[in-house]
Amino acid sequence: MLTELCKEIKNWFEQKKYFGNYVIENNMISSDDAQSIPDLQEGQYFRIVGSVFNDGVWKYSESGITGLKDEKIFRGAIWAMAVPQDVIDLANDIKDWSDKYEAVGSNAMSPFNSESFGGYSYSKSGGGSSTSGSGSGPTSWKEQFASRLNRWRKI
């Protein structure tokens, strides 16, 4: 969710960008150039750019980065990030909301408030707290959390 959040607000909270040729194997990242390996701290977030399988935001761990897919070599970048705790909390709140209202089979993400054809019709319930006086609630996490996202948004 943090990858999607950072993409939406156009803010990656980058500290420094490291460019090089990288190999990902057994949940670890290595490089043939010591200067292209970032000095990340335990629990620090970082972004991988230019990978075929692993582009996105990850959390560093000295014991390995859970979820990375092996990749023989890619030319790209690793961005050391300094993500504020408020943004991490926001990402967790968005994930919780999405799990509840954007689940598979839910009509919360439908672009329609109601529809009918043939003998079938339905009206969508709010799904979350209403943001307008109309009684229909937000249809996506971007709408639901717009006011909290705007604080961190870059143009």
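1. The model is predicted, so to speak of local features a pLDDT of at least 70 is needed, side-chain atom pairs count only at pLDDT 80 or more, and totals for chains, interfaces and linings use all residues. Residues are numbered from 1 along each chain as its sequence is written, and side-chain values use heavy atoms, with hydrogens and water left out.

2. On confidence, the protein chain has an average pLDDT (the predictor's confidence in each residue, from 0 to 100) of 85, and 77% of the residues score at least 70. Over residues 127–133 the pLDDT falls below 50, although this stretch has 14 contacts (heavy atoms within 4.5 Å) in the model beyond near neighbours in sequence.

3. The strands (DSSP runs of E, at least two residues, numbered from the N terminus) include five that form an open sheet in the order β2-β1-β5-β3-β4, with antiparallel pairing, where two strands pair if DSSP finds at least two bridges between them. Strands β2 and β4 are the edges, each pairing on one side only. Neighbouring strands of the sheet are turned by 45° against each other on average, direction ignored, the axes being lines fitted to C-alpha atoms.

4. Strand β1 (residues 14–25) and strand β2 (residues 28–31) run antiparallel and are joined by 4 bridges, with I24 having I29 in β2 as its bridge partner. Their hairpin leaves 2 residues between the strands, and N26 there takes a positive phi near 55°.

5. A second hairpin is made by β3 and β4, with 6 residues between them, and G50 in its turn has a positive phi of about 100°. Between strand β3 (residues 45–49) and strand β4 (residues 56–59), which run antiparallel, there are 4 bridges, and I48 stands opposite G56 in β4.

6. S61 lies in the loop between β4 and β5 (71–81). Is S61 buried or exposed? S61 counts as buried because its relative accessibility is 15%, the class being under 20% relative accessible area, with exposed over 50% and partly exposed in between (1.4 Å probe, protein chains only).

7. In helix α2 (residues 85–101), the buried residues are V87, I88, L90, A91, I94, W97 and S98, and what covers them includes α1 (2–9), β3, α3 (141–144) and α4 (146–150).

Notes: Axes are lines fitted to C-alpha atoms, for helices over the stretch in contact, and angles run from 0 to 180 degrees between N-to-C directions.
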